[in-house]
Amino acid sequence: MRAAAYATSGPKRGVIKIVNLPTPQPGPGEVRVRVRVSGVNPTDWKTRTAVTVAPPAFELIIPNQDGAGEIDAVGEGVAPQRVGQRVWLYNAQWRRAHGTAAQWIALPAGQAITLPEGAGFDLGAGLGIPAITAHRCLFADGAIDGATVLVQGGAGAVGHAAIELARWGGARAVATVSSQDKAAIATTAGADLVVNYRADDVVTRIREFAPHGVDRIIEVALSQNLEVDAAILAPAGTIASYARSESAVTPPRSLMELNATIAFVLVYTIPEAAKQHAVTDVSAALAAGALTSLPVVRYRLEDAAGAHAAVQESAVGKVLIDIP
């Protein structure tokens, strides 16, 4: 099979190249998926370029955690009726050498989730990390029906999913963006209020919309936004941060006065029950037509390196790799 892969050591460490590898066979409890579309997330290029002092677990890695395709073979213990199912994949390369940037992948059957009728591969390949992360940020403390949620960075993959899942969960959604193009994305996703933080007074605009504050903030840049977050958070509210801060964070005293919570979310290590809760809810939202795809930026498998570079350079939209 054809795959994009990179070495984890040596002079070409982290450099993506196209290789021919044996087609994997599903082991016990696994399915094999003919990948049609591979989704690229920031975690994929960050993992590839990370500097570590520990010996690498694998000499060669096929990147990318998310993807979509069809099951074409099953291993022992998996119902043969699963062959032919259209599926979306999540955490495909977590602690494994084989991600979705390849024509085939074998992985645990529970990480291949049936795509409902009408949901295409592009949408499926963009779910995994963004949708599960957004779900955890939103629902970690229970239902959000009737709540007001602020999504910082509403045009990104996690932000887009958070807007749509918040609306699906019965909440009002406010989003911040940095441009008119991104405002259109957040508005299309269903945000009740969209604020351009480069042109508007964020605190004033949101306080006008939600005088008592917002109940939950989905945060992509905690160190940059914390003062604003503190000014618009409701009493006993929560800030759920899913991205690493580039600088030290000093919480203002007002957060203590609010009895606020700052929660951190890393999709790979959230409890297994939370992952299954997210998968169940994401599937229900998909079936209800509540989730849509971001505008797509497409790459061929042969330019997988370009796809990673596009995400690293903050391309607007979802970067996908078409698998031949």
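Reader: Where in the chain is the place of Ala-50?

Author: This is a predicted model. In it, Ala-50 sits in the loop between helix H1 (42–49) and S4.

Reader: Why does Ala-50 count as partly exposed?

Author: Its relative accessibility is 34%. Buried means under 20%, and exposed means over 50%. The value for Ala-50 falls in between, so Ala-50 counts as partly exposed.

Reader: What separates the C-alpha atoms of Ala-50 and Thr-8?

Author: A distance of 9.9 Å, although the two residues are 42 residues apart along the chain.

Reader: Which residue has a positive phi although it is not a glycine, and where does it lie?

Author: One of them is Asn-64, with a phi of about 90°. Asn-64 belongs to the loop between S4 and strand S5 (66–74). Most residues other than glycine have a negative phi.

Reader: What makes Asn-64 buried?

Author: The cut-off for buried is under 20% relative accessible area. Asn-64 has 0% relative accessibility, so Asn-64 counts as buried.

Reader: And Ser-314: what is its phi, and which loop holds it?

Author: Phi of Ser-314 is near 65°, positive in a residue other than glycine. The loop runs between helix H10 (304–312) and strand S16 (318–322).

Reader: Is Ser-314 buried or exposed, and how do you know?

Author: Its relative accessible area is 58%. Exposed means over 50%. Ser-314 is therefore exposed.

Reader: How do you know that the span of helix H9 agrees with its number of residues?

Author: H9 covers residues 272–287, which is 16 residues. The rule takes 1.5 Å times one less than the number of residues. The helix should therefore span 22 Å, and its end C-alpha atoms are 23 Å apart, which agrees.

Reader: Which residues of H9 are buried, and what do they pack against?

Author: The buried residues are Ala-274, Lys-275, Ala-278, Val-279, Asp-281, Val-282, Ala-285 and Leu-286. They pack against strand S6 (86–89), strand S8 (112–114), H2, H3 and H4.

Reader: What follows H9?

Author: Gly-289 does, with a positive phi near 75°.

Reader: How many cavities of 30 Å³ or more does a search of the whole structure find?

Author: The search finds one. The largest cavity holds about 140 Å³ of space. Its lining has 15 residues, and the closest to its centre are Leu-123, Gly-126, His-160, Thr-292 and Leu-294.

Reader: Which elements give two or more residues to that lining?

Author: Helix H2 (121–125), helix H3 (128–139) and helix H4 (157–168) do. H4 gives the most, with four residues. By type, the lining divides into eight nonpolar, four polar and three charged residues.

Reader: What makes S2 and S4 edge strands?

Author: The open sheet has three strands in the order S2-S1-S4, with antiparallel pairing. Strand S2 (17–20) and strand S4 (60–61) each pair on one side only, and these are the edge strands.

Reader: How do you know that S1 and S2 pair?

Author: Two strands pair if there are at least two bridges between them. Strand S1 (residues 2–7) and S2 have four bridges, in the antiparallel sense. In S2, Lys-17 is the bridge partner of Ala-5.

Reader: What joins strand S9 to S10?

Author: Five bridges join S9 (residues 148–152) to S10, and the two run parallel. Gln-152 stands opposite Thr-176 in S10.

Reader: Why is strand S10 called mostly covered?

Author: S10 spans residues 172–177, and five of its six residues are buried.

Key: Residues numbered from 1 in each chain as written. Predicted model: local features only at pLDDT ≥ 70, side-chain atom pairs only at ≥ 80, totals over all residues. Heavy atoms only, no water. 1 Å grid on protein atoms, 1.4 Å probe; cavity = no way out; pocket = protein on both sides within 12 Å on 5 of 7 lines; lining within 4 Å. Points joined across faces, edges and corners; volume = space filled by probe spheres on them. Nonpolar A, V, L, I, M, F, W, Y, C, P; charged D, E, K, R; others polar. Buried < 20%, exposed > 50% of the residue type's maximum accessible area, 1.4 Å probe, protein only. Contact = heavy atoms within 4.5 Å.
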